[in-house]
Amino acid sequence: MDLRRAIPSLAKTLACLLVTTLFMVASNAKADNLASFLADLTPAELAPGAEAFGPVSPDTKVAPVLKDGKPVAWAFLTSDFVGTTGYSGKPIHVVAAIDSDAVLTGVKLVKHSEPIILIGIPNSKMIALTEGYAGLDLKAEAATGGEAHDLDIISGATVTIMVIDDSLVRAGIKVSRLLGLGGLSPQVADGPRREVDMAQDVTYDWSTLSGDGSVRRLTLDIGQINTAFAATGDARAAKRPEPGEPDDTYIDMHMALVSVPSIGRSLLGDAEYKNLTEWLEDGEQAILVLGRGAYSFKGSGYVRGGIFDRIQLIQGDNSVRFFDKQQRRLGDLATADSPSFAELDIFKIPADAEFDPAEPFRLQLLAQRAVGAVEKTFLTFDLGYKLPEQYLLPVAAPVIVNSDTDEAAAKTALWQRIWKDKTVEIGILGVMLLVLTATFFFQFQATANARVFYWFRIGYLSFTLVFLGWYANAQLSVVNLMALAGSLRSGFTWDAFLMDPLVFIQWFAIAAALLFWGRGAYCGWLCPFGALQELLNKAARALKVPQWTLPWGLHERLWPLKYMIFLGLFGLSMVSMTLAETYAEVEPFKTAIILKFVREWPFVIFAVSLLVAGLFVERFYCRYLCPLGGALAIPARIRMFDWLRRYKECGSPCQTCANECPVQAIHPTGEINPNECVDCLHCQVLYQSESKCPVVIKQIKRRAKVGTTDMKMPIGQPPANHPNAKKSIVS
């Protein structure tokens with residue numbers, strides 16, 4: 001293959017893909033707020049006959065929808081009022097409008113990042129289903145706790161639809177109460193608010209707890225569930241009855257509020273209850289859910305997406321969905337007279353859920369039935385719960401039931417909970433950093449055996465890719481740096497940066513590593529996308545894929561590209577952070593690592609093209625395009641030490657290290673460029689090689705000739721005053 005023709009052709013292809021991808025993103029870019037979304041909508045889409053939108057109120061976050069200059073409805077963004085996080089971990093943004101009678105006049109799905117929807121489910125189907133909520137009467141929903149309408153589910157997107165449904169109903173009711181629409185107003189407790197008696201710790205047996213309502217039960221048999229699905233009128237559901245006898249148990253589900261001391265100690269035992277109290281933070285509660293029978297209340301959705309899609313807790317206008325980090329399995333019950341259960345799980349209710357343990361609530365079960373190869377139909381059943389009187393204490397004054405929690409306290413509690421939930425991941429990352437630090441400090445010993453070090457590096461990079469990248473999604477990005485700069489300009493706070501402990505820890509480790517080793521500690525060892533590139537290149541070499549070595553002049557002139565990209569993004573972030581984040585898609589990290597290639601085709605083709613280029617030019621993206629690498633390389637010269645050992649013959653006449661450097665970071669004259677070096681330590685392996693390094697080979701021959709008595713010097717480690725010694729040179 002002609003290298004001179006291949007390189008320009010490859011560069012043009014990547015440039016075209018990058019421009020296409022960025023244009024696509026930029027054309028859809030918008031700030032995630034109501035005003036920006038309304039700019040892309042017409043008033044008539046949210047209220048028939050409407051002609052204009054009024055300004056968004058900064059106090060209520062609501063905008064009037066005007067007809068003849070008068071408001072006929074009020075528009076709002078669901079994510080401004082309730083949590084709308086879906087499978088992707090990002091909000092699902094829906095704009096809706098309510099008229100004065102608390103009826104939804106129009107609904108629009110304006111933005112989402114759901115990967116499940118991007119696989120085989122047309123976005124048009126999601127849009128049509130969301131728009132179908134127009135006409136929903138929120139007065140009826142408030143009166144029934146959101147149960148006045150039927151839930152229409154799209155197979156394969158159960159959680160997404162449930163999030164949209166839940167957020168529309170809850171946010172709509174909140175806005176209606178806020179504006180007094182349809183006669184709805186903020187709820188005030190009728191009498192003194194009750195509080196849980198946390199000092200009471202008397203234990204009871206199972207019979208007592210189930211008899212006084214401390215443990216509540218929902219039981220469905222096969223006959224009941226078959227009758228319920230047949231009553232829906234769906235002939236397909238009736239034709240596929242649940243197998244078994246009518247009296248067989250479909251599900252026997254029990255629930256108890258185990259954060260109440262007496263109930264918790266009785267069911268869990270003292271040791272397990274102590275573990276529970278250590279797990280819960282201030283303001284958090286916990287329920288115990290027990291199940292047996294043919295149907296599981298957990299299902300398998302939490303395995304794929306980390307969310308339990310078959311149950312949700314509902315109290316008034318609020319609902320709580322549980323994620324895998326909010327769940328713990330229980331081995332057995334402490335009550336000797338309790339029946340046996342197949343599933344015993346504790347679920348944490350977060351402090352910001354506005355849950356009141358003294359008020360009634362219900363656990364809603366979603367029962368599903370396959371009606372086709374991939375289609376399913378659904379029914380919901382409620383398990384109601386009210387804490388018995390003996391666990392409650394009255395307080396003096398009535399309070400607003402749905403008052404907002406203190407935002408600062410909620411944020412603090414949230415990041416603390418996140419760190420506690422990720423204890424295992426934090427521990428693993430700590431071990432990774434310790435191993436890497438030891439490798440760098442004792443690099444001469446670590447690289448003494450070329451084969452052992454090769455497999456150590458392969459193993460470390462594989463763990464970086466799988467654990468830090470695909471499992472923990474802890475891929476750093478230039479967006480992190482832009483967000484930090486923006487925070488410093490607008491008023492710095494730690495809260496946002498503490499929300500992701502693995503990213504936070506890595507940035508602190510990088511800050512320290514820059515002083516000792518430069519950017520290579522991250523780029524060469526801890527970057528998941530960098531690891532993916534190198535591992536694929538290793539596989540390509542094993543398959544005899546030809547490797548291209550760019551002429552030094554061209555290679556040196558391509559280096560500045562990544563600095564130019566970084567400075568361009570950084571400058572853009574000073575003008576518009578949203579626009580800068582959009583153009584930061586030049587980083588393929590989100591596509592290849594975070595979303596695991598589950599994205600629109602331009603993003604996937606761009607990321608794959610970079611990886612294909614890396615098969616021929618090792619770490620192609622790292623060398624020439626990575627803005628994060630450019631950002632980290634800028635302070636690389638401040639490092640205090642030159643750890644990489646060199647001989648005076650390096651570069652003149654020996655070119656072994658320069659020729660074998662995976663990223664061509666060594667100048668032909670022998671100097672190592674710290675801005676480009678990824679600290680792979682391959683040059684240190686060569687430094688001690690008895691088969692490749694001319695200096696070491698000469699030492700061996702000299703020893704053989706004059707004997708060890710005249711020259712006691714370890715191989716590859718000449719003393720400082722030896723003529724072969726040479727300090728590391730930094731360009």
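How exposed is Asp382, in relative accessible area? Asp382 is partly exposed, at 35%. Here, buried means under 20% relative accessible area, exposed means over 50%, and partly exposed falls in between (1.4 Å probe, protein chains only).

## The model

This is a predicted model, where local features need pLDDT of at least 70, side-chain atom pairs count only at pLDDT 80 or more, and totals for chains, interfaces and linings use all residues. Residues are numbered from 1 along each chain as its sequence is written, and side-chain values use heavy atoms, leaving out hydrogens and water.

## Salt bridges overall

The whole structure holds 22 salt bridges. Each one puts a side-chain nitrogen of Lys or Arg within 4 Å of a carboxyl oxygen of Asp or Glu.

## Strand to strand

Asp382 pairs with Arg362 in a salt bridge, with the closest N and O atoms 3.0 Å apart. Asp382 sits in strand β15 (residues 376-385) and Arg362 in strand β14 (residues 361-370), so the pair ties together parts 20 residues apart in sequence. Arg362 is buried, at 14% relative accessibility. Helices (H or I, at least four residues) and strands (E, at least two) are DSSP runs, numbered from the N terminus.

Lys325 bridges to Glu425, with the closest N and O atoms 2.8 Å apart. Lys325 lies in the loop between β11 (318-320) and β12 (327-329), while Glu425 lies in helix α14 (residues 423-441), so this pair links parts 100 residues apart in sequence. Lys325 is partly exposed, at 32%. Glu425 is buried, at 5%.

Asp166 and Arg170 form a salt bridge (3.0 Å, N to O). Both lie in helix α6 (residues 158-179), four residues apart, about one turn of the helix. Asp166 and Arg170 are both buried.
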